[in-house]
Amino acid sequence: LDPTEKLVQDNPCLTEFITSVLALPEPSPSILSFTLRLAGILAASENRFQHLQQEKLLVRLFGRDGPLNSAMWEDASVRSGWVEGVHSMMHHQPALHFFCNGGGIDVIFTLQGDPSLFVASAANQLLVHMLTFSVESEATKPLSTKDCDWPASAQMIIKHIEDSLQSSSASHIKQSLKLLTSLFGSCHATWTEVLWLGIAKQIESFLTEETVQAQHMLGNLLLNVAWSPVFCDTEGSFWALVTSALERLTPVQAGPLAVGILRLYKCPQDVRIQALTVLLQPMDCILRAASQPLEYAGLLDESVSDPITVESLLSSKSSCASLLCQTLAHLEELLSLIRLPVDLPYTSLLRSLMTILQFCNGFLSPASPLGSTISRILINCFRVQRSALDVLAALSERKGCDTLIGSLFDVLLAYLESPNTSPTVLKKTFQATSKWLVRLQELSCSSSQWQQTEKILEDVFLVLQKRLCSPCWEVRDSSLEFLTVLIKCLRDQDEFRQSLLSSEVPRLTENLLEDPESYVRASAVTAVGHLAFITYFAPESPVIGNQCNKENTVAKLQEILSTDSEGFPRRAVISIFTKWLRQGCIGQLEDTEQFVSRVIQTVEHDLDWEVRRGGLELVEVFCSQTVCQLGLSECPYAPVSSAVSSSIHQNELLQIFCRAKVFSFLFWSLCDCDKPVGQRACDILLGLRDNFYPISTLKDSQGTGDSPAGRGIAWLQRTLGQGSLAQNFPTDGDNGVDFQDPESMMIVLGTIDLEELHDELNKSSDHVEKSPQSLLEDILATVGTTEENEADCY
């Protein structure tokens with residue numbers, strides 16, 4: 001007996017449940033919907049399908065005698081359950097014939113236009129699946145353009161598509177276009193070309209027939225066809241249709257098609273140029289509107305569609321911002337590509353972006369009537385400002401804009417200084433400015449632009465001083481983030497360091513460590529941490545009283561770590577301390593040991609698990625560096641050869657880790673209530689153990705017998721197994737383990753089964769929670785409290 005059929009026969013409660021629901025005079029819509037889905041899942045196997053057929057259950061659920069002709073059908077959840085049930089079982093020919101011959105397919109055609117968008121979308125996807133399944137399972141030979149002998153089921157669906165496309169009903173046309181868009185997007189079989197050739201003329205007619213409002217759907221359809229490998233080598237007709245669409249669709253409709261075409265590698269060059277022209281036309285119009293006569297070369301020699309169309313959209317309040325935002329988003333998408341399939345006119349594009357930004361803040365008075373209209377519409381338009389700044393930032397990585405860099409910083413500084421710049425736009429301006437400052441540094445290194453660079457940096461830091469004192473916390477926060485990015489990128493540049501240290505920015509940044517807003521304090525910690533690379537940790541630090549200031553800063557950060565009421569600043573401190581340690585900025589080994597010990601003793605009782613995990617990262621870096629410094633290993637956590645790992649060095653290493661209280665912190669973390677902390681601690685202990693025990697000698701130390709250390713190990717194993725170290729720690733007496741005794745720690749590392757602990761910590765809770773027993777308990781627990789737990793139970 002087939003095991004799938006046996007499932008139904010061995011569990012008669014399944015069919016009894018379906019029968020009992022069908023026997024109810026008015027079942028609940030949600031119960032009926034569930035039953036339809038369940039029946040569909042059961043009928044996915046051909047044998048179970050036949051079994052349910054014999055019981056007459058499928059006809060009563062999915063046929064004319066079922067919910068279709070009852071009041072229940074009015075409920076969208078029932079229709080949704082019906083469609084999903086059909087989709088689930090559509091994996092064998094008996095199911096396909098059951099629906100196509102029994103009239104069920106007409107129901108699916110009707111549901112394409114369902115008032116519920118979820119139902120309509122599901123019906124659409126079902127038809128795509130049925131068509132694909134029919135052709136792939138029933139076609140006796142590969143379909144070709146010369147011989148279109150479609151299987152019967154596929155014929156019904158294709159005839160429906162063709163009839164709908166030729167009908168006078170706009171809704172039917174749109175339903176079929178959606179279906180075709182999904183089909184060409186998901187199915188790339190060669191037979192799709194046969195289907196396309198049968199409908200291409202009708203699709204083309206929609207571009208010229210303005211009576212049918214379906215043009216907005218044609219772009220996605222053509223794009224999906226273009227992306228299909230079946231059509232990549234198509235000559236002539238298809239690409240002519242794409243060209244026609246780029247010409248005839250409105251700029252808003254043609255934009256997504258144009259950017260999609262530009263991302264294609266296999267595309268005729270003339271179509272690609274035309275797609276680029278569609279994208280650049282609004283930017284060209286902006287440039288031309290800014291000055292009459294045109295001072296500079298525009299972006300385009302000629303346009304694809306009538307320029308008056310774009311001009312009218314840009315001079316309308318309802319469409320100007322939308323068109324520009326869409327165009328800018330598409331340009332940013334193109335600029336994000338590593339390899340651009342087309343050459344963009346970068347200089348003119350940058351000039352156009354600067355013009356848009358000046359229109360938006362009212363700093364440009366255009367001479368042309370169109371420019372004046374656009375300027376009035378765009379004044380303080382945050383959406384357009386944000387989009388333009390995103391593209392501006394992306395352009396910094398492209399060559400060819402260097403001649404405009406002075407004018408560009410004038411625009412950026414105007415935004416940074418203006419009180420009308422909103423916090424979100426200011427953040428975007430900071431991001432663009434940081435990228436262009438990096439670009440400026442690259443240029444000044446290779447040319448004589450030192451004075452220009454120095455002046456721009458001076459102006460930037462003057463603005464930053466004001467912004468760090470802003471009453472708006474978002475502005476203070478994004479100002480600190482901006483400073484951190486600049487230091488990361490430019491701290492090795494002399495003129496940057498000099499400009500920064502001669503400003504008030506470092507002092508103001510330290511003041512913000514006491515800001516009332518926790519986000520700002522966290523950003524200030526990060527900024528101060530990065531400033532230290534210039535002020536305290538540079539080989540020749542220019543700061544007077546360097547050591548004293550450094551100690552004060554470290555003390556401030558340690559105070560935040562131990563006393564700040566919010567998690568964000570504490571996380572920032574542990575992250576900065578780890579960064580300092582990794583960069584070798586803490587000091588000699590003795591200083592580092594004390595520093596790490598002090599930090600982890602603060603961190604181990606922190607209520608924020610991310611801070612505790614950050615402490616483990618600090619310990620990992622410390623262990624790695626100490627092992628390398630003592631010459632035990634070339635690279636962190638690599639098992640060492642017996643020749644190198646002398647017992648003297650081993651003992652010295654153990655003493656350092658014990659004095660720094662590393663082992664107590666790691667073993668305490670093993671039983672942390674937050675699993676990521678325990679996992680990280682176990683990984684570090686495994687790495688440490690490999691440095692002390694070559695694999696061949698592992699666990700040779702187990703014969704400790706009844707020595708005090710041995711009894712302590714036995715206690716530790718039991719405690720770790722119970723996951724209760726945190727509750728029983730620290731310990732003393734005969735049962736305890738001395739985590740500061742090197743000899744005990746050597747025995748612990750060789751005895752405790754860290755691999756087993758590792759597996760236990762990494763074991764998903766699924767093995768407990770995702771079981772039939774657990775599911776049954778959840779269902780039973782909801783009895784009597786259905787309303788409260790209905791969602792969870794479902």
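Tutor: Before we start, a word on terms: a residue is buried if its relative accessible area is under 20%. Also keep in mind that this is a predicted model.

Student: Got it. So is phenylalanine 184 buried or exposed?

Tutor: Phenylalanine 184 has 0% relative accessibility, so it counts as buried.

Student: How many aromatic pairs turn up in the whole structure?

Tutor: The search finds 25 of them. One of these joins phenylalanine 184 and tryptophan 196, with the ring centres 5.8 Å apart and 85° between the planes, an edge-to-face arrangement.

Student: Which helices do phenylalanine 184 and tryptophan 196 lie in?

Tutor: Phenylalanine 184 is in α11 (residues 170–186) and tryptophan 196 is in α12, so their pairing ties together parts 12 residues apart in sequence.

Student: And what is the relative accessible area of tryptophan 196?

Tutor: The value is 4%, so tryptophan 196 is buried. The ring of tryptophan 196 also pairs with that of phenylalanine 231: the centres are 6.3 Å apart and the planes at 80°, and over 60 degrees counts as edge-to-face, so this pair is edge-to-face.

Student: Where does phenylalanine 231 lie?

Tutor: Phenylalanine 231 is in the loop between α13 and α14, while tryptophan 196 is in α12, so this pair links parts that are 35 residues apart in sequence. Phenylalanine 231 is buried as well, at a relative accessible area of 1%.

Student: Nice. Which residues form an aromatic cluster?

Tutor: Phe49, Phe62, Trp73, Trp82, Phe98 and Phe99 make up one cluster.

Student: What lies over the face of phenylalanine 533?

Tutor: That's arginine 491, placed 4.2 Å from the ring centre.

Student: Let's switch to α14. Why does its end-to-end distance agree with what a helix should span?

Tutor: Helix α14 (residues 237–248) has 12 residues, and at 1.5 Å a residue they should span 16 Å; the end C-alpha atoms are 16 Å apart, so the two agree.

Student: Which of its residues are buried?

Tutor: In α14 they are Phe238, Trp239, Leu241, Val242, Thr243, Ser244, Ala245 and Leu246. These buried residues pack against α12 (191–208), α13 (215–227), α15 (251–262) and α16 (269–290).

Student: What about alanine 254, which helix is that in?

Tutor: Alanine 254 sits in α15, and with 0% relative accessibility it counts as buried. Leaving out residues up to four places away in sequence, alanine 254 touches Leu246, Leu249 and Val278. Its C-alpha is 9.6 Å from that of asparagine 220, which is 34 residues away in sequence.

Student: How do α16 and α19 cross, left-handed or right-handed?

Tutor: The crossing of α16 and α19 is left-handed. The axes of α16 and α19 (residues 346–361) come within 9 Å and cross at roughly 65°. On the α16 side, the contact is made by Leu280, Met283, Ile286, Leu287 and Ala290. Among the α19 residues in the contact are Leu349, Leu353, Ile356 and Phe359.

Student: Last one: which helix holds threonine 429?

Tutor: Threonine 429 is part of α23 (residues 423–445). Its relative accessibility is 0%, so threonine 429 counts as buried.

Student: And what is threonine 429 in contact with, leaving aside neighbours within four places in sequence?

Tutor: Threonine 429 contacts Leu389, Leu412, Tyr415 and Leu416.

Note on methods
Residues are numbered from 1 along each chain as its sequence is written. This is a predicted model: local features need pLDDT of at least 70, side-chain atom pairs count only at pLDDT 80 or more; totals for chains, interfaces and linings use all residues. Side-chain values use heavy atoms; hydrogens and water are left out. Helices (H or I, at least four residues) and strands (E, at least two) are DSSP runs, numbered from the N terminus. Buried means under 20% relative accessible area, exposed over 50%, partly exposed in between (1.4 Å probe, protein chains only). Contact means heavy atoms within 4.5 Å. The expected span of a helix is 1.5 Å times one less than its number of residues. Rings of Phe, Tyr and Trp (its six-membered ring) pair if their centres lie within 6.5 Å; planes under 30 degrees apart count as stacked, over 60 as edge-to-face and the rest as tilted. A charge sits over a ring if NZ of Lys or CZ of Arg is within 6 Å of the ring centre and within 35 degrees of the ring normal. Axes are lines fitted to C-alpha atoms, for helices over the stretch in contact, and angles run from 0 to 180 degrees between N-to-C directions. A crossing is left-handed if the near helix is turned anticlockwise from the far one by less than a right angle, and right-handed if clockwise.
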